[in-house]
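These exercises go with the structure shown below. Try each task before reading its solution.

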Amino acid sequence: QLKESGGGLAQAGGSLRLSCEPSGHSFTLAIMAWVRQAPGEEREFIAAISGNGERTYYSDSVKGRFTISRTNAKNTINLQMDMLKPEDTAVYYCAATYGNSWTEEGMDYWGKGTQVTVSS
């Protein structure tokens, strides 16, 4: 129901842009988010955006470097990742909820993830 794209390999200091496209559900007005999981680590809730796009959340680890946005015409969300660091290497998941949760545990729909690898 959520499909991520745009992952790949980047050098430290570079940029990548991830996209998430829904299917089956419109996810109109749903809170949509990005969650990542590095090897051997727990999942980390890094960015989220409200249904109308007016409210956003960023974890301290990505604040100032990543930007989440949404295109309501297609209900897609994007994650612009700039100033990438090797520690950003992870599988990045798109997630969504029609509820009012801004946490990983509150997400009800998940994509399968896309790999991002940042080399030093």
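Predicted model: local features only at pLDDT ≥ 70, side-chain atom pairs only at ≥ 80, totals over all residues.

**Exercise 1. Describe the two faces of strand 11 and state which strands pair with strand 11.**

Step 1. Strand 11 covers residues 114–119. Thr114, Val116 and Val118 form its covered face, while Gln115, Thr117 and Ser119 form the uncovered one.

Step 2. Strand 2 (residues 8–11) runs parallel to strand 11 and is joined to it by four bridges. Within this pairing, Gln11 has Ser119 as its bridge partner.

Step 3. Strand 9 (residues 90–97) pairs with strand 11 in the antiparallel sense, over three bridges. Here Ala90 has Val116 as its bridge partner. Val116 belongs to the covered face of strand 11, and Ser119 to the uncovered one.

**Exercise 2. Decide for Asn78 and for Asp60: buried or exposed?**

Step 1. Asn78 is found in strand 8 (residues 76–81). Its relative accessibility is 8%. The cut-off for buried is under 20%, so Asn78 counts as buried.

Step 2. Asn78 has contacts beyond its neighbours within four places in sequence: Arg17, Leu18, Ser19, Trp34, Thr67, Ile68, Ser69 and Thr71. With one of these, Ser19, Asn78 makes a polar contact between side chains, at 2.7 Å.

Step 3. Asp60 is in the loop between strand 6 (56–58) and strand 7 (66–71). Its relative accessible area is 70%. Exposed means over 50%, so Asp60 is exposed.

Step 4. The side chain of Asp60 also has a polar contact, with the side chain of Lys63 at 3.4 Å. From Asp60 to Ala47 the C-alpha distance is 9.8 Å, with the two residues 13 apart in sequence.

**Exercise 3. Describe the chain as a whole: which elements does it contain, and what is its radius of gyration?**

Step 1. The chain holds 11 strands and zero helices. Read from the N terminus, the order of elements is β-β-β-β-β-β-β-β-β-β-β.

Step 2. For 120 residues, a compact globule would have a radius of gyration near 14 Å. The chain has 13 Å, so the value agrees with that of a compact globule. The C-alpha trace spans about 40 × 25 × 25 Å along its principal axes.

Step 3. Of the 120 residues, 46% are buried. The accessible surface of the chain is about 6,100 Å², and carbon and sulfur atoms account for 46% of that surface.

Step 4. Take the contacts between residues at least 6 apart in sequence: 56% of them join residues at least 24 apart.

Technical notes
Residues numbered from 1 in each chain as written. Heavy atoms only, no water. Buried < 20%, exposed > 50% of the residue type's maximum accessible area, 1.4 Å probe, protein only. Pairing = 2+ DSSP bridges. Polar contact = N/O pair within 3.5 Å; in protein donor to acceptor, adjacent residues only side chain to side chain. Contact = heavy atoms within 4.5 Å. Rg over C-alpha atoms; globule rule 2.2 N^0.38 Å. Areas by Shrake-Rupley, 256 points an atom, 1.4 Å probe, with all protein chains shown as cover.
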